[in-house]
Amino acid sequence: MFLDQAPITAQEVLRVFHRDEPALFLGAAFNTIALICFGFCLVRRRFNALLVWLALFASLYGTRLWLQTDIVSLTLAQREIFHRIREAINYLVPIPAFFFFQAVGLLPRRGKLITGILALVFSSLAALSVFEGSIPLVHKVNNVIVILALFWVLFQAYFQGSRDRDFVVLRSGLLCFAVVAFWDNLGGARLLRADLEPYGFALLLASLGYVAARRTLQREEQLNEIQKELSLARSIQLSLLPGDFPGSSSFRVAALYVPMTSVAGDFYDFVVAGEASAGLLIADVSGHGVPAALIASMVKMAAISQREQAAHPGLVLTGMNRALFGNTQGQYVTAAYASLDAERGELRYAAAGHPAMLLLRQGEVREVVENGLLLAAVDGIEYSERALALAPGDRIVLYTDGIVEARNAAGHIFGEDALTSAIRMSASMAPREAALEVVRSVQAWSPNQDDDLTILVCDYAGG
């Protein structure tokens with residue numbers, strides 16, 4: 001409108017500015033809201049779909065308000081790219097709105113497909129306007145699609161949506177926006193000599209912001225509750241693990257447990273902890289997190305119930321399998337149990353699908369293998385055991401598969417050879433320091449821990 005009115009006086013510029021003040025103010029307000037939403041997501045370092053879509057919706061609409069003002073046109077109207085960008089933004093504005101409605105649960109399942117189609121259509125129209133400029137027919141098609149889509153959302157909000165407070169607020173904001181948008185499109189703006197749609201949008205944005213803020217706070221409260229529950233679960237699980245092995249002239253025992261998450265499925269116990277005897281159990285539940293931790297607590301109860309058989313590892317695992325079968329919801333358990341008798345100078349060992357026990361003797365590491373099926377997989381299994389003579393200075397190492405299966409950035413596993421080397425290198429260390437050295441070696445190999453790490457080291461000093 002100003003192309004044929006050059007030069008423009010300062011008084012005319014001021015008059016145009018005053019006329020555009022409401023649009024400039026609302027545009028600034030909408031973009032400020034967008035920045036706050038984006039800032040909250042950045043501070044929390046967590047993607048929040050509602051806040052992101054709300055921010056994009058507010059920013060696009062606010063920017064469109066600015067670009068439609070005459071004060072901006074005074075500077076940029078002679079540039080063709082300005083008109084093309086302004087036209088393109090018209091088509092982009094509805095896209096984040098429909099994704100917001102989808103994320104909040106206002107639309108049905110098939111609404112996800114419809115939202116995707118609408119996003120594709122609007123994006124195509126925006127691209128067409130950038131390359132070809134303003135096309136009146138395309139503009140009319142866009143208006144028809146937006147009106148039909150708005151009617152569809154209103155229908156979903158009033159006849160298919162929930163009756164909770166969030167949806168009541170959403171319906172109110174949608175209705176206000178729809179009324180003023182239809183009014184302006186039917187010529188009401190010319191009648192009142194003012195566009196009411198931006199004010200209707202402000203009401204809509206307020207309703208969307210209320211819902212987004214309320215949902216975000218609810219999610220934060222739920223996450224806090226989950227963190228509290230996980231912390232309590234971790235405390236409970238740690239309480240299931242035994243304390244230090246009691247002082248003994250025959251055995252020195254140390255265990256190290258490094259869970260991948262707050263709670264985990266690895267477990268160890270001292271079924272027997274005496275002056276002349278020791279019963280060492282280690283187990284690994286399939287999976288991770290709370291389900292695995294719950295099964296681990298069941299493993300402890302199953303082990304406690306077999307204490308009368310503590311001198312016979314095969315019978316211990318047989319009884320544990322009988323207790324666990326049918327009660328682990330499809331999850332399985334690997335386990336290894338070693339019974340050491342200082343008076344006899346004997347070790348008995350049995351395992352259920354578990355990595356082989358390692359015996360360090362005079363600087364050499366050998367595997368002790370006596371494996372059966374996983375616990376809780378098949379009922380009626382009887383586990384065999386293997387007997388070995390103990391010699392003073394022997395070191396016994398039990399561990400879970402997280403130790404040997406730790407992967408580095410290249411995808412290579414830590415492996416049995418590296419574990420054997422770490423055990424041999426730490427032979428002169430006390431059991432506690434040796435366990436720490438092995439775990440440090442694993443963590444240096446695989447900084448991003450992807451499984452629980454548990455190791456149990458026992459030194460035999462003689463009877």
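**Reading a predicted model**

Modeller: Let us begin with Gln362, which counts as exposed because its relative accessibility is 79%; buried means under 20% relative accessible area, exposed over 50% and partly exposed in between, with a 1.4 Å probe and protein chains only. Gln362 is found in the loop between β6 and β7, and its phi is near 50°, a positive value in a residue other than glycine. Helices (H or I, at least four residues) and strands (E, at least two) are DSSP runs, numbered from the N terminus.

Biologist: On what basis are such values given?

Modeller: This is a predicted model, in which local features need pLDDT of at least 70 and side-chain atom pairs count only at pLDDT 80 or more, while totals for chains, interfaces and linings use all residues. Residues are numbered from 1 along each chain as its sequence is written, and side-chain values use heavy atoms, with hydrogens and water left out.

Biologist: Is Ala376 buried or exposed?

Modeller: Ala376 counts as buried, at 6% relative accessibility. Ala376 lies in the loop between β8 (371–372) and β9 (386–389), and its phi is near 75°, again a positive value in a residue other than glycine.

Biologist: How is a pair of packed helices described?

Modeller: Two packed helices are described by the angle between their axes and the distance between the axes. Axes are lines fitted to C-alpha atoms, for helices over the stretch in contact, and angles run from 0 to 180 degrees between N-to-C directions. Here the axes of α4 (residues 80–92) and α6 (residues 110–132) come within 8 Å and cross at roughly 175°. The two helices are therefore roughly antiparallel to each other, a term for angles over 145 degrees.

Biologist: Which residues of α4 meet α6?

Modeller: Arg84, Glu87, Ala88, Tyr91 and Leu92 do so, and their partners in α6 include Phe122 and Leu125; contact means heavy atoms within 4.5 Å.

Biologist: Where are the buried residues of α15 placed around the axis?

Modeller: The buried residues of α15 are Pro431, Ala434, Ala435, Val438, Val439 and Val442. They cover an arc of only 130° around the axis, which puts them on the same side of α15; the arc is that of the directions from the helix axis to the C-beta atoms. These buried residues pack against β1 (251–258), β10 (395–399), α13 (401–404), α14 (415–425) and β11 (453–460).

Technical notes
Angles under 35 degrees count as roughly parallel, over 145 as roughly antiparallel, 65 to 115 as roughly perpendicular and the rest as oblique.
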